[in-house]
Protein chains: 2
Amino acid sequence: MAYRTTASRLERDQVLREHVLDCALQQVAERGFSALTMSGLARNAGIATGSLYRHFPGKGALAADVFVKATRIELNTLKEQFLAPGVASDRLRNGIAQFAARAWHSRQLAYALIAEPAEEEVETQRLYYRQAYATIYGELLADGVRDGSFLVENIPLTAACLVGAIAESLVGPLSPQARVDRESGLPSETLEAVTHTITRFCLRALGAKELPQ
Amino acid sequence: MAYRTTASRLERDQVLREHVLDCALQQVAERGFSALTMSGLARNAGIATGSLYRHFPGKGALAADVFVKATRIELNTLKEQFLAPGVASDRLRNGIAQFAARAWHSRQLAYALIAEPAEEEVETQRLYYRQAYATIYGELLADGVRDGSFLVENIPLTAACLVGAIAESLVGPLSPQARVDRESGLPSETLEAVTHTITRFCLRALGAKELPQ
DNA sequence: TCAAATAATGAATATGGATTCAGATCATGG
DNA sequence: CCATGATCTGAATCCATATTCATTATTTGA
């Protein structure tokens with residue numbers, strides 16, 4: 001007998017799989033999900049088209065894996081801020097600032113993760129992870145109600161409002177960057193100004209006492 | 001010579017075109033853009049597939065027309081509320097209540113118009129009309145700043161936040177209806193409760209003095 | 001009513017990328 | 001260094017709709 005599934009083989013498989021995912025993520029970060037084709041990705045990753053199917057059951061699953069890999073990072077980064085010590089309003093402020101900065105510097109990726117039309121499997125994950133976002137916002141709101149930072153009645157729905165406001169204003173079609181890109185080449189609003197406005201909007205909406213400035 | 005483009009012919013063409021659009025809109029309202037196929041629509045409208053191409057250059061243009069037809073109605077309905085007499089905060093309240101009620105009662109259509117992935121041409125129009133929404137929100141905000149209802153610095157960005165918060169909480173994956181549909185069959189939150197929470201969120205975010213209740 | 005011009009028909013074709021698979025290549029144990 | 005079987009390859013195939021177009025039906029003016 002020959003060619004048993006040895007440890008080093010599994011290891012190499014795992015490495016190759018990650019390599020493919022990395023290439024795919026790079027493509028998505030540069031040109032969005034619409035630019036992710038199996039043949040293009042294979043070329044990019046230095047393997048044959050058919051070989052992709054040894055690692056992923058199909059394109060939908062591959063795209064979903066890319067989505068999950070990237071989104072988990074964002075979610076965990078935000079969660080870290082939200083779980084830090086301090087009053088809830090400060091934690092929200094920091095979370096928004098960080099999220100905004102990350103989106104600002106990888107706009108195409110942010111758009112792909114939050115809003116770009118994609119495979120059914122990606123939409124399913126998007127649904128799931130939006131819930132996850134809403135949940136951590138909701139937990140922060142609950143903390144804030146307890147520590148007196150916020151005054152909120154319907155926490156889940158309010159969390160949804162927060163997610164929507166932040167997503168739309170940062171990476172949606174109404175974001176300052178999108179507006180500038182399409183209209184004239186005028187200098188965009190600064191990240192600082194945008195962060196300030198969004199933060200103020202959110203804190204006020206939650207009934208926070210102390211506002212920035 | 002024969003068969004000049006007579007008035008009655010143009011009239012009939014126009015009527016047929018509207019009939020096709022109505023059928024298409026019905027399909028979209030019932031099952032979303034993903035269920036809109038040329039052959040299906042033709043069957044539905046009682047004409048041949050090829051005949052669709054006498055009225056529309058292609059599927060993308062047709063879908064975009066459906067989108068525009070439906071969205072214009074929503075936009076104008078909202079604009080009417082916003083242009084009514086009274087203080088800005090009241091007008092916003094009424095506008096949100098009406099928008100929420102309409103979305104609540106035609107959820108699939110609302111989702112199709114606001115969030116469903118669709119043809120490139122539809123996305124283009126979506127972009128345009130989101131700007132249009134943001135613009136009328138922005139005008140209302142300007143009014144509100146003048147009449148003392150609101151305290152807002154960056155009007156365009158704040159308008160984007162409003163659009164995002166309302167869209168996400170009403171028709172996005174985080175909306176109460178979506179949450180209930182997927183999880184248990186528990187009775188959904190009422191339209192009134194949802195409207196109340198969203199209104200409160202928005203008014204507070206704008207620095208409005210008097211809140212509901 | 002007829003001939004000319006236009007519109008309607010729907011089966012056949014085009015399209016564009018995902019998926020497959022027969023053959024080539026490679027890793028392993030003996 | 002061979003035999004075995006897993007893996008890799010990429011051109012061929014599939015697939016689901018959008019689109020076309022030769023043919024048939026309608027409309028119009030004379």
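Reader: How many residue pairs are in polar contact across the interface of chain B and chain A?

Author: A polar contact is a pair of N or O atoms within 3.5 Å, where within protein one must be able to donate a hydrogen and the other to accept it, and residues adjacent in sequence count only if both atoms are side-chain atoms. Across the interface of chain B and chain A, eight residue pairs meet this rule, both residues being at pLDDT 80 or more. This is a predicted model, in which local features need pLDDT of at least 70 and side-chain atom pairs count only at pLDDT 80 or more, whereas totals for chains, interfaces and linings use all residues. Residues are numbered from 1 along each chain as its sequence is written, and side-chain values use heavy atoms, with hydrogens and water left out.

Reader: How many salt bridges are there between chain B and chain A?

Author: A salt bridge is a side-chain nitrogen of Lys or Arg within 4 Å of a carboxyl oxygen of Asp or Glu. Between chain B and chain A the count is four, and one of the salt bridges joins the side chains of Glu168(A) and Arg130(B), at 2.2 Å from N to O.

Reader: Is Thr197(A) buried or exposed?

Author: Buried means under 20% relative accessible area, exposed over 50%, and partly exposed in between (1.4 Å probe, protein chains only). Thr197(A) counts as buried because its relative accessibility is 10%.

Reader: Which residues is Thr197(A) in contact with, leaving aside its neighbours within four places in sequence?

Author: Contact means heavy atoms within 4.5 Å, and with those neighbours left aside Thr197(A) is in contact with Asn154(B), Leu157(B) and Thr158(B). For the two chains, 36 residues of chain B are in contact with 36 residues of chain A.

Key. Chains are lettered from A and ligands numbered from 1 in the order in which they are written.
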